[in-house]
Amino acid sequence: MSASIDPSDAVAASSSRGPGVRRQMVDGSLRILIAEGLILPTGLITAAFLTRHLGPSKYGLFTLASIVVLWIEFFVTSAFSRAAIKLIGDAEDWRPWGGTLVRFYLLAGVLAAVLLWLGSGELGRLLGEPAMAGYLRLFALDIPIFSLATAHRDILVGMRRYRERALASAVRWIARLVLIVVLIWAGLSVRGAIWAMIGASILDFAAARFYARPPLWGRFPVRLQRLWDYALPLFLSGVAMRLFDKLDLFVLKVRGASAATVGLYGAAQNLTVVPALIGTAFAPVLLSALTHTMRDGEQDLAREVAQDAVKFTILLLPFAALIAGSSPAIATLVLGQAFAPAAPFLAILIFAGFARLMVSVSLSILIAAERPGWVLWLTAPVVPLAVAAYVAAILYGGARGAALTTTTLSVLLTFFSLVAVYLAWKVRPSPASMARTALFSAIIYAVALAWPATGIMLLIKLAVIGGIVPVVYYVSGDIGRDEIAMLRSLVRPKASPTDEKPSATRKTVGMGAIERVRG
C-alpha cells in the first residue's frame, strides 16, 4: 500500500526547495565556469612558453598531434557524457551505473588508443610529417586516462557534487601548465610537453576519483538498453554539433579563401569562446538539476527551473550586442593590430555563439525530459544543410557570407530547439521579456558603436555598459528580488534545502513518481 499525501503539502515542499535548487545550480555553474575558464590564462602562458622554447617546427608538430588526440578524446567521451549525467541523476543508488559507465569509458578509450597507435605511422605520412608518428604513439597513452577522468567528472555532475567537479578541472589546467614548464626546462622538448599532458590527465583523474569512487569490479544490475537509448542519439548529435562548430572555416578554405582570410576568420571564432565556456559549465549542471528534481517527483519545480534557464540565457543577449558593437577595439586589443580586419566576422559570429548556448540549454532540457531522440532529430540535419548553405554563401559573400550563414543556421536551430522544449514541457520564454531584451540589445549595440574606446578605456567601457545591463533588468522586472537574494546568498552562503536530507514529503512525492513510472 503506497503512502498518501496531501497535494498542498507537496506543493509547499516544492516551493520551499525551489530557491535551494536554483542557488545550487547557479553556484555549481559559476564554479565550473571559473575552473574551465582557467584554460584561457594557463593556455596563453603555455602557448607563449612553448613557442619560445620549441620553435615553430616542433611547436607545429606538438600542436598537430594535440589536435588529433583532442578530437579523438572528444569523440570517445561524447558518446557517454550527457547520458552519464542523466543516468546517474536518475538512479537512487549511483554506484551500479557509475561502475558500468567507467568501464565503458575505459573500454572506448583503450580501443581508441590502440587504433591511434596502430595508425600513427600512416597518419604521419598522410600529414607529411613522419616524425609525428612517435609523438602520436606516446600521446595515445593519454586517451584512456582522459576518458577515466571525464567519466568521474561526469559522475560528479550527475551526483550534483559541482564543487568537486570544478576542483578536478582546476587541477588539470594548473597541473598542465606547471608540468609543461618543468619538463621543457628539463630538456625533454616535444615529448616533455606530451608527458605533461598525460600527467595532467592523471592528476585530473586522481582528483575526481578522490571524491567519486564508483566500483571497478563486479557485476551491476543495470539495464544496458537504457544506456544505449541515450548514448547513441546523444553521441550522433554531439558529433553533428562538433562538425558544425568548425565547418564554416573548413568550407571557406576548400572554396579557395586565402590563408590570411582563414586566419582572420579563425581568430574571430576563437574570440567567441565565452558563450562556449558558459555552455560547458551551465548545460551539464542544468541537466543534473532537472534530472534530480524529476526523480524526486517534482515535475512542476523542474519546469520552473527549465523556464528560468531559458530566461537566463536569453537575458545574456545584450552582452553579445556589446561585444559586437565593440568588436574592432576587442580584436585589436586581444589579437593585435594585424588582426583588426577580423572585427566584422566577430561582430556576426558572437551572435552565433550565444545562439548555440541557447541550443545547449534547450537540448539539456530535452534530455532531462527523456527525449534523446528529439535531440538527434534536431541536430542531425545541421551538417548537410550547412554544407550546401556555405557553398552558396561563400560563392557570393566570401568570408562574411560564411559568418552570416553560421549565425543564421544557429538562430534557426535555436528557434526549433525552443519549439521542441515547448512541445515536450510547455516551457517557453516570455514574449514581453524577449521583446524588451531585443530592444535593449539594439540600444546596447548602438551605444557601444557610438562610444569609441581603445586600450584601458575599452575595459572601462565594457565594465560600465555591462554593469548597466543588470540594473536595467532589475528596473524592468526581468530580475527580481528573489534573484538578487539568490546571488547575495552565493557571497554569504547559508544552509539551503538542497543541502539537507530529503523531507518526508519529498521522499513520499519521489516514491509516488517512481511507482507511477513502474506502473
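Another case is Lys426, whose charged end sits over the ring of Tyr422, 5.6 Å from its centre.

Before going on, a word on the model. It's predicted, so local features need pLDDT of at least 70 and side-chain atom pairs count only at pLDDT 80 or more, while totals for chains, interfaces and linings use all residues. Numbering runs from 1 along each chain as its sequence is written, and side-chain values use heavy atoms, with hydrogens and water left out.

Now the overall picture. There are 21 helices and zero strands; these are DSSP runs numbered from the N terminus, helices being H or I of at least four residues and strands E of at least two. Of the 519 residues, 51% are buried, and buried means under 20% relative accessible area, exposed means over 50%, and partly exposed is in between, with a 1.4 Å probe and protein chains only. Take the contacts with a separation of 6 or more: 85% of them join residues 24 or more positions apart. A contact here is heavy atoms within 4.5 Å.

Back to Trp71. It forms an aromatic pair with Phe75, tilted, at 5.6 Å centre to centre and 45 degrees between the planes. Rings of Phe, Tyr and Trp (its six-membered ring) pair if their centres lie within 6.5 Å; under 30 degrees between planes is stacked, over 60 is edge-to-face, and the rest are tilted.

Phe104 and Trp228 make an edge-to-face pair, 5.4 Å centre to centre with 90 degrees between the planes. This one links distant parts of the chain, with Phe104 in helix H4 and Trp228 in helix H9, 124 residues apart. Phe104 is buried at 18%, whereas Trp228 is partly exposed at 37%. Together with Phe80 and Tyr105, they form one aromatic cluster.

Is Thr77 buried or exposed? Buried, with a relative accessible area of 8%. Leaving aside neighbours within four places in sequence, Thr77 touches Tyr105, Phe146, Ser147 and Thr150.

On to the nonpolar cores, meaning buried Ala, Val, Leu, Ile, Met, Phe, Trp, Tyr and Cys residues joined through side-chain atoms within 4.5 Å. The largest has 104 residues, and Leu227, Leu286, Leu290, Ile365 and Trp425 touch the most other members. Helix H15, residues 343-368, gives the most to this core, with 16 residues. Leu286, for instance, touches Met25, Val305, Ala309, Val361, Ser364 and Ile365, not counting residues up to four places away. There's a second, separate core of 29 residues, including Phe62 and Met197.

Last stop, helix H16, residues 372-379, where Pro372, Val375, Leu378 and Thr379 are buried. They're on the same side of H16 because they cover an arc of only 120 degrees around the axis, taken from the directions from the helix axis to the C-beta atoms. Their cover includes helices H3, H9, H15 and H17.

Conventions
A charge sits over a ring if NZ of Lys or CZ of Arg is within 6 Å of the ring centre and within 35 degrees of the ring normal.
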